[in-house]
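Hi there,

Here is the structure I promised to pass on to you.

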Amino acid sequence: MENSYDVTGKIHSLETCGTVDGPGIRYVVFTQGCPIRCVYCHNPDTWDANGKNALTKSVGELLPDILKYKSYFKASGGGVTLTGGEPLMQKEFAAALFKACKGEGLHTALDTSGYAGIDDGTRRVLEHTDLVLLDIKSINPATFKNVTGFPIDRTLEFAKHLSDAGIMAWARFVLVPGLTDDEDELHALAQYLTTLRNIDKVGILAFHQLGAYKWQDLGLDYKLADTPTPSAQETERVRDLFRGYGFEVR
């Protein structure tokens, strides 16, 4: 059997002191490849699993660099986050990296849409996962498909599995004016989240245009070029809506 330290993954980029992808200061690994096509994605250059600028790194190569920041993780309650792209497109690598991190006493967080589904590979990743950052694009099936191009079923199945297994999760939602800001749908999403037993926090992320240039560089049709960033007041109003359902909101 291959040594877990020899397992390789395709990496888009690394962030050594992230503060938004889980608790505390985090070492963030952006993986290459994603199965869905969110219209507001700020990293469309991660979609292609064989992206020309992707780096191939083994767990054994990444871990020494991660451990340089261990004192920061310990002081802040941080750790290591796998995001993307979609890290569950590389389940063997994700499981091996998280297993190595847990062996060093590091907190692990998985940022995923859940679209990769539940199978033995996913279960092996979740065995070594402390926190899932679950990206729920919308609870309305039609809106979800408008955002991603795909049905909502797999994400809901994944969310139920996390709840049934008692795996702690933060729900993350991108607020996009004219796309995901319908009042009834926001209440429906908040109500749905109350049915899950494992949601520790809800993150409301305001849509922004910072990744628009990547769509242009890649020759992709960017449909949200004229969509504004929601105001701070509107974003806070939506956060208050979710607080009204008893959630701690970031």
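This is a predicted model: local features need pLDDT of at least 70, side-chain atom pairs count only at pLDDT 80 or more; totals for chains, interfaces and linings use all residues.

Residues are numbered from 1 along each chain as its sequence is written, and side-chain values use heavy atoms, leaving out hydrogens and water.

Let's start with the sheet. It is open and mixed, with 8 strands in the order 3-1-2-4-5-6-7-8; strands are DSSP runs of E with at least two residues, helices runs of H or I with at least four, both numbered from the N terminus, and two strands pair if DSSP finds at least two bridges between them. Strand 3 (55–58) and strand 8 (199–206) each have a single partner strand, so one side of each lacks a neighbour in the sheet. Strand 5 (residues 107–112) and strand 6 (residues 131–135) run parallel and are joined by 4 bridges, with D111 partnered by L133 in strand 6.

Next, T180, which sits in the loop between strand 7 (169–175) and helix 7 (183–194). T180 is buried at 2% relative accessible area (buried is under 20%, exposed over 50%, partly exposed in between, with a 1.4 Å probe and protein chains only). Its side chain reaches the backbone oxygen of V174 at 2.8 Å and the backbone nitrogen of V176 at 2.7 Å.

Finally, R250 follows helix 9 (232–243) and is partly exposed, at 39%.

Best wishes

Technical notes: A polar contact is a pair of N or O atoms within 3.5 Å; within protein, one must be able to donate a hydrogen and the other to accept it, and residues adjacent in sequence count only if both atoms are side-chain atoms.
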